[in-house]
Amino acid sequence: MNLTLELSNAEELASVCGSFDRHLETISKSLDVVINNKGEDFTLQGDNKHVAARVLQDLVALSKNQMIEIHDVEMTIKVYSHSDLPDKVVNIKTKRKFIHIRSQNQQQYVLDIKKKDCTFGIGPAGTGKTYLAVARAVEALESSEVRRIILVRPAVEAGEKLGFLPGDMTEKVDPYLRPIYDALYEMLGFDKVEKLLEKNVIEVAPLAFMRGRTLNEAFIILDEAQNTTVAQMKMFLTRLGFGSKMVITGDVTQIDLANPKQSGLIHAAKVLKDEKKISFCYFEAKDVVRHNLVQRIVNAYDKEK
């Protein structure tokens, strides 16, 4: 099989191939294929040559935004070896980051966020629920689709008992939003995020502070939504204003409420399931895009149910 990669310069080729062709060797060993190349012209041999071709093409897209590391190669091999991804994938691109879609469920999720004003992402840790929501939010902000990003999370427990923590409200809530901050720093850069926080273009708030507000032209993300009560979830959903989008993420196996059956996320999934303008995307262990061991851990706990 012959394959010509669409590369812009020698640096991109070097990034794809790796130092001393380390990345090509990893692809060859993992997929049991033979890879030879002369510049951007590649020949692939073996039963998995078409999978190897998709891996290489995926790495080319990634190389245009960042230097490729070996973990990028390993993750891409994993995705295309066991994935049900369609031939044409809609990825997310921000000014600093090219975010690859790693599974069919992730693809449906990012498409639904684009099309619907309210999207729920429900599933286990490591499936990209929050990360992809932040990526879509940054993309929307950079393209002027929204004017603000608002990040919301029930802190500690659903009761949001923050009084015992030192500092002002932002300092109390910040530790619980660290995964969202990490994603923002990756996509916007530390300095840019800090400036946007100062200007209130990015706002971080505990769920209780949403009461009484109407949020227009904003991209609002509610993380860890399994720890909302039914009343809190209803209050949050009714904050949606004109020109805004909401994404609600959560893992129903990680509920910290005294009575898990009272989870606002579980209740919303039942009462809103037939609302056509709201999307519910459910993730599974196969969608985990962290270390291989994370997927095995998720599977093990699922079997215990």
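**View 1. Arg148 is partly exposed, with a relative accessible area of 22%.** The model is predicted: local features need pLDDT of at least 70, side-chain atom pairs count only at pLDDT 80 or more, and totals for chains, interfaces and linings use all residues. Residues are numbered from 1 along each chain as its sequence is written, and side-chain values use heavy atoms, with hydrogens and water left out.

Arg148 forms a salt bridge with Glu203, with 2.3 Å between the closest N and O atoms. Arg148 belongs to strand 7 (residues 148–153) and Glu203 to strand 8 (residues 202–206), so the pair ties together parts that are 55 residues apart in sequence. Helices (H or I, at least four residues) and strands (E, at least two) are DSSP runs, numbered from the N terminus. A salt bridge here is a side-chain nitrogen of Lys or Arg within 4 Å of a carboxyl oxygen of Asp or Glu. By this rule the count comes to nine salt bridges.

View 2. Leaving aside residues up to four places away in sequence, Glu203 touches Arg148, Ile149, Ile150, Leu151 and Arg213; contact means heavy atoms within 4.5 Å. Salt bridges link Arg148, Glu203 and Arg213 in a network.

**View 3. The salt bridge between Glu186 and Lys97.** The N to O distance of this pair is 2.9 Å. Glu186 is in helix 8 (residues 178–188) and Lys97 in the loop between strand 4 (92–93) and strand 5 (98–99), so that distant parts of the chain, 89 residues apart, are linked. Glu186 counts as partly exposed because its relative accessibility is 35%, whereas Lys97, at 15%, counts as buried.

**View 4. The salt bridge between Arg136 and Glu139.** Nitrogen and oxygen are 2.4 Å apart here. The two residues lie three residues apart in helix 6 (residues 129–142), which means that about one helical turn separates Arg136 and Glu139. Arg136 is buried, at 5% relative accessibility, and Glu139 is buried at 15%.

**View 5. Stacked rings of Phe120 and Phe280.** The structure holds four aromatic pairs. In this one the ring centres of Phe120 and Phe280 are 4.5 Å apart and the planes are at 15°, so the pair is stacked. Phe120 in strand 6 and Phe280 in strand 11 (residues 278–282) are 160 residues apart, and the pair links distant parts of the chain. Both Phe120 and Phe280 are buried. Rings of Phe, Tyr and Trp (its six-membered ring) pair if their centres lie within 6.5 Å; planes under 30 degrees apart count as stacked, over 60 as edge-to-face and the rest as tilted.

**View 6. Tyr181, Tyr185 and Phe190, a cluster linked by ring pairs.** Tyr181 and Tyr185 are four residues apart in helix 8, that is, separated by about one helical turn. Each of Tyr181 and Tyr185 is buried.

**View 7. Contact of helix 8 with helix 9 (residues 190–198).** The two axes come within 7 Å and cross at roughly 115°. Axes are lines fitted to C-alpha atoms, for helices over the stretch in contact, and angles run from 0 to 180 degrees between N-to-C directions. From helix 8, Tyr181, Leu184, Tyr185 and Leu188 meet Phe190, Lys192, Val193, Glu194, Leu196 and Leu197 of helix 9. The contact of helix 8 with helix 9 has eight nonpolar, no polar and two charged residues. Ala, Val, Leu, Ile, Met, Phe, Trp, Tyr, Cys and Pro count as nonpolar, Asp, Glu, Lys and Arg as charged, and the others, Gly among them, as polar.

**View 8. Buried residues of helix 10 (residues 230–237).** These are Gln232, Met233, Met235, Phe236 and Leu237. Their cover includes strand 6 (118–122), strand 7, strand 9 (218–222), strand 10 (245–250) and helix 11 (264–271).

**View 9. Gln106 in helix 5 (residues 104–115).** Gln106 is buried, with a relative accessible area of 2%. The side chain of Gln106 reaches the backbone oxygen of Thr127 at 2.8 Å.

Definitions and conventions
Buried < 20%, exposed > 50% of the residue type's maximum accessible area, 1.4 Å probe, protein only. Polar contact = N/O pair within 3.5 Å; in protein donor to acceptor, adjacent residues only side chain to side chain.
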